[in-house]
Amino acid sequence: MGGWVFLFAVLYAAALLFGMVFFVIMYSDLESDYINPIDFCNKLNQFVIPEYGAHAFLALIFLLRGEWTALLWNLPLIAWNANKLINKTHMYDATEIFRTLPQHQKEAYFKIGFYLLSFFYYLYRMIVAFIAEADA
Amino acid sequence: MASPAEQLPPGWAAEWDATHQRYLFIETTTGHTQWEPPAAGSAETENAPPAGVTPAGGHGKRRQYAAGQTQAYYGGEAAPDPAYGQASAGLGVQQQGGQLFTPGLAAEGQFANQQQIAQQGGGTQGGYYGQGEPEYLNQQPQQYGQPPVDALANQFGQMGVGGQKQFSLYTTNLLTLPPDPRDLAQPPPEIRLPPNACISPSPTANADPSYFRSTLNAIPTTSSLLSKSKMPLALVITPYRSLNEGEEPVPLVTDTVIARCRRCRSYINPYVQFIDGGSRWRCCLCSMTNEVPQLFDWDQVRNQPGDRWQRLEMNHSCVEYVAPTEYMVRPPQPAVYIFLIDVSHAAVQSGMVATATRTILENLERIPDEGERTKISIICYDTSLYFFSMPPGSTDSSMLVVSDIDDVFLPKPTDLLVNLAEARGALEVLLGRIGEMFQENTIIGSALGPALQAGFKLMTPIGGKIIVLSSSLPSHGAGALKNREDNKLLGTAKESGLLQAASPFYKTFAIECSRTQVSVDMFLFSSAYQDVATLACLPHYTSGQTYYYPAFNAARSEDALKFAHEFGEVIAQPIMLEAVIRVRASRGLRMASFHGNFFVRSTDLLAMPAVPQDQSYAIEVQIEEAITIPFVVFQTAVLHTTCYGERRIRVITAALPTTSNLSELYSSADQIAITTFFANKAVERSLTHKLEDSRDFILQKLVDIISAYKASMTSSGAGASAQLAISENMKMLPVLILGLLKNVGIRQSAQIPPDIRAYSQALLTTLPSQLLIPYIYPTFYSLHNMPPEAGTIGEHGVILPPPLPLTSERLERHGLFLIEDGQTIFLWVGRDAVPQLIQDVFELPSYDALRGGKATLNLLENQFSQRINAIVQKIREMRRGVYYPHLYIVKEDGEPPLRLWALSMLIQDRADVLPSYQQFLSSLKDKVNGASGGY
């Protein structure tokens, strides 16, 4: 059973990873003026909450399954996202975007790294779990 | 005897050898050197033309006229072309009179003739360059005049090989030198471009400080040099400034020949170089070689060959082009004005409605409408919207009421937005009636958001200007705001929250507006809290302006007069529509951040739906890579539609020399531009961080500058010093920074209402330097003992008395003083003022009969009153912008709030927790010494 949870998590992390890559591509589009800031913000703002939600959902599954290490690994990011939601700074503001762009980019790169590490961690846990199941 | 350089045969160059104190002669083709002058020289001397002129016969018809510039550009080390042997090679810069011939002059005869004129020397320049001013030519011979070579040699000798004069740095000690307000009127440090940088002799070839200022008039070559100096690098631009009487309008290029660089898209300007015989030009920003357009040398008006050296864009730093259709997304739109007038109870009661409608009526004539295309609409609102339909041709109008404010719709598809000329009659009747129509209105509340949406809907297809007049906090429909004023928050870290937008509506609406080319101006009148901070968002992002008249009451004629004057000026202003601004700079420089009223549409493009006059923008510049060229160019291009329906491009070019020398960097600093930039920076920081942080930030910047200056420019180096040294040209910086720290927008205080603060911040970020500097450092005059000529008409209008330093030490008990900051004027009356003075100025028997507060000075039948009135009048008129300052009479023992307000302008005094100038300096000194001691 644990193996299946982590299989799901692996696919999930991959999806989130691609989501972040999409964000990064959009940032560079904005920088090189392929998209105007208004469209940019309208487009990306649709994805902010789903991204947070998806990540929180994964953490919820870990919680329900009692995968404490995996949950612990995800907690800091959840706190970070929650903090942004509470301060209402999660949305992209078209009037400020060029001033805040470097921050956003930094954050996106960090998240890519985070999801990448998560991906390999889940993969490892999945393999370990399946081997353990096969042995049992 | 003339310098040997001019007596040499072709192929020889003379170089002054400093160690041997004599000339070294070099045969340029072989590299052979000798101490004796080459023999052929003396024989040919008589016949050879003076140095600096290319012998026309020698080269046949080869058109080599850019060599001089190339030479200047790459320094004097390059071996001179043998053909130019007679030129003053080796003296650093070649002087090439011949370069100034005109390819456009088709006939060779003309060319030869021109050459002859050039040979006649500086005195008889008149012929060809007749349009230039002779005295200017004599001042700047290195640019292209032909004075005797000796003089040239001397001059270039002083300038060194680079040909660039050194800035001389004078250090002053701030502690012993009290600030003198007159220093603020001094022009920025001179821009010393390398010789031959500019191909035009015109004095207007570099941008005027009123259009363009840079914090440093010599750009450091590397970012490490800049960070070592701690100086900010920023530009302060006012691309659309008003023209004073007697000023030439911006020259207009009408033939639609627009030469632009293929790569960086910059416009041709006086700093490019013509190469390949004038058929190509090299861009001064990116060094790209471009073709000169075929029609560049063609005079389209007279249909004959023209003279490229006389083209406006080659002689003026600020020009306007008529833009061809490639520069249009749509045909030029007409100017559209929509007035949103608050007619709720409060607005009617204060007399705002009556004053506003009367002002519009009186100024209908002045609304820019040359082609009779201007459209206009009036919408009134309280908790409902009142539209007025004015069918063309009739003088009747009908009112349409929309009370559904949740889903705003236009009650009628036509006749709401009418052509000003066609509906003139109806408008006049309507404006005369609005006041009485709502006379009895008792509805309280304001549906500002829905009114904005309605106005927006009405003008969406065209774009234009919405002018909002609002007397209360928006309370109904979209964009309703809550009263969040909380006196407990004032002076705490949470105060900056009150300066940020409370509702996202105004920001998102502003973005929509910017997209559809709608600009919003706000006129706010409330006596209660109105959330200026939130409402100012709209003008901020749509390039409008906020005007605030706290506790407006038209029953006071001063209030009505001020508002009517400013409102009338705003309406009558010729605006630029559908504008975008881009600032380009030489390679290695990048525009990093932008401050001012606009929407940043891409990394370097500022969108402005309607540009008002006299708004200033600050741009921070980053040095991305080392700069290797001797001077850099900044070019601001404003693509816009005039309110008369013509698409135009305004181009402002400014060239600044580069330097790798720290002392040159300091001596070229412009304290006015630095202060303007810091004001913008402080406001930005107070919104993103805290007010406290913004003050600390500015103070820290100043400490850093002084510390860096002390460490690198004074003998005390890093150690402690009893002096507080700074360069002469920055000696007013500390007092300006102190003024900024004490300004209402930034000041540490628990008493300033957030509305007043927000308005002040809006001013700090938009005022051009000319208005901003008095706003930060007010002007202080003593009137009772002013010199006899003050207040009378002099050569430049009314003569003002000499300004005094801003300290109450100067206040005398029997005196009459005037303090003004461009927004308010205070007339301070001492308590022992003699009755005669009171009688002469106020027509009152004694000091006791005088009342403080807003007042109008009557023009009395005595000379003193007339002089004072002339001074007040001059103060109200002398600056750009629409502002008409109130006059307050302040009695020395009058009501405390007014007195304290007036005294708060004397920024060199100690007030409350705020330090006096002396205290400020000594704390600066401690910080500077402490900071450097720590290393």
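Tutor: Happy to! Arg125(A) is buried, with a relative accessible area of 19%. Buried means under 20% relative accessible area, exposed means over 50%, and partly exposed is in between, using a 1.4 Å probe and protein chains only.

Student: Before we go on, what kind of model is this?

Tutor: It is a predicted model, where local features need pLDDT of at least 70 and side-chain atom pairs count only at pLDDT 80 or more, while totals for chains, interfaces and linings use all residues. Residues are numbered from 1 along each chain as its sequence is written, chains are lettered from A and ligands numbered from 1 in the order in which they are written, and side-chain values use heavy atoms, with hydrogens and water left out.

Student: Thanks. Where is Arg125(A) found?

Tutor: Arg125(A) belongs to helix α4 of chain A. Helices (H or I, at least four residues) and strands (E, at least two) are DSSP runs, numbered from the N terminus.

Student: And what is Arg125(A) in contact with, leaving aside neighbours within four places in sequence?

Tutor: Its partners are then Phe6(A), Glu67(A) and Thr69(A). Contact means heavy atoms within 4.5 Å.

Student: How many helices and strands does chain A have?

Tutor: Chain A has four helices and zero strands, so to speak an α-α-α-α run from the N terminus on. Its C-alpha atoms fill a box of roughly 60 × 30 × 20 Å along the principal axes. Of the 136 residues in chain A, 45% are buried.

Student: What about chain B, how many helices and strands there?

Tutor: Chain B has 27 helices and 37 strands. Buried residues account for 60% of its 935 residues.

Student: Can you show me a helix there? Why is α23 of chain B largely enclosed?

Tutor: Helix α23 (residues 769–776) of chain B is largely enclosed by the rest of the structure because seven of its eight residues are buried. Among them are Leu771(B), Leu772(B) and Tyr775(B).

Student: Now the meeting of the two chains. How many residues are in contact?

Tutor: On chain A, 12 residues are in contact with 12 residues of chain B. The two chains bury about 1,200 Å² between them, 61% of it on carbon and sulfur atoms. Buried area is the accessible area (1.4 Å probe) that two parts lose on being put together, summed over both.

Student: Which residues of chain A lose the most area to chain B?

Tutor: Those are Ile38(A), Thr95(A) and Phe98(A), together 46% of what that side buries.

Student: How many salt bridges are there between chain A and chain B?

Tutor: The count is three. A salt bridge here is a side-chain nitrogen of Lys or Arg within 4 Å of a carboxyl oxygen of Asp or Glu. In one of the salt bridges, Arg515(B) pairs with Asp39(A), and the closest N and O atoms are 2.5 Å apart.

Student: Which helices of chain A supply at least two residues each to the side that touches chain B?

Tutor: Those are α2 (37–65) and α4 (97–135). The largest share, three residues, comes from α2(A). By class, that side of chain A has four nonpolar, two polar and six charged residues. Here Ala, Val, Leu, Ile, Met, Phe, Trp, Tyr, Cys and Pro count as nonpolar, Asp, Glu, Lys and Arg as charged, and the others, Gly among them, as polar.

Student: Back to that pair: are Arg515(B) and Asp39(A) buried or partly exposed?

Tutor: Arg515(B) is partly exposed, at 38% relative accessible area, and Asp39(A) is partly exposed too, at 31%.

Student: What about Glu646(B) and Arg648(B)?

Tutor: Their side chains meet in a salt bridge, 2.9 Å from N to O. Glu646(B) is partly exposed at 29% relative accessibility, whereas Arg648(B) is buried at 18%. Elsewhere, salt bridges that share partners join Glu51(A), Lys84(A), Glu107(A) and Lys111(A) into one network.
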